Amino acid sequence: MTQREQYEAKTEQLLQPILSEKQFELVDVEYVKEAGDWYLRAYIDKPGGITIDDCEEVSRALSDLLDAADFISDAYILEVSSPGLTRPLKKDKDYDRNIGKLIELRLYQPVDRKKEMTATLVSYDKDTVTVSDEGTEYVLEKKNISLIRQAFIWE
């Protein structure tokens, strides 16, 4: 496990009791470097959506726990936010929630000469995602998928 993954896992452990108490869902935690700064981001959700007040409340509680645990050696910026409508599918629950729905995919290597497609999510397993596009079913290797998220058709 890389140091980044360790930071993310420890942060998830600190977050779980806070979120359970409030009946919020942890969507993801990421520790990334952008433009020279480290960011520790927690994405949270709840039925009906997360408010700014929810984010602020979780951020304050998490910040206190992070200060007490003091396991991240770098200087970093803490952000707690909603994952947004176009969040990528990462966990089984994300895939489960989108079975039968339109998803947007971007691929590293083309399949049927397509590197981008919008298709219906049929199923998934540890290594593959099965989608249906205009009556054709594709079994795609997850390692060939650069982005997978729910598609939104604006009318």
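Modeller: A word on the ground rules: residues are numbered from 1 along each chain as its sequence is written, and side-chain values use heavy atoms, leaving out hydrogens and water. As the model is predicted, local features need pLDDT of at least 70 and side-chain atom pairs count only at pLDDT 80 or more, while totals for chains, interfaces and linings use all residues.

Biologist: Happy with that! Why is lysine 126 called exposed?

Modeller: Exposed means over 50% relative accessible area, buried under 20%, and partly exposed in between, using a 1.4 Å probe and protein chains only. Lysine 126 has a relative accessible area of 70%, so it counts as exposed.

Biologist: And where does lysine 126 sit?

Modeller: In the loop between S5 and S6. Its C-alpha is 9.1 Å from that of aspartate 92, although the two are 34 residues apart in sequence.

Biologist: What pairs with S6 over six bridges?

Modeller: Strand S7 (residues 136–141), in the antiparallel sense. Valine 129 stands opposite leucine 140 in S7. The hairpin of S6 and S7 has two residues between the strands, and glutamate 134 there takes a positive phi near 50°.

Biologist: Now the open sheet: what makes S1 and S3 its edge strands?

Modeller: The sheet has the order S1-S2-S3 with mixed pairing. S1 (25–34) and S3 (76–81) each pair on one side only. S2 (residues 37–45) and S3 pair in the parallel sense over six bridges, with tyrosine 43 opposite serine 81 in S3.

Biologist: Which strands does helix H2 touch?

Modeller: Helix H2 (residues 52–69) packs on the sheet, touching S2 and S3; contact means heavy atoms within 4.5 Å. The direction of H2 makes about 145° with that of S3. For such angles, axes are lines fitted to C-alpha atoms, for helices over the stretch in contact, and values run from 0 to 180 degrees between N-to-C directions.

Key:
Two strands pair if DSSP finds at least two bridges between them. Helices (H or I, at least four residues) and strands (E, at least two) are DSSP runs, numbered from the N terminus.
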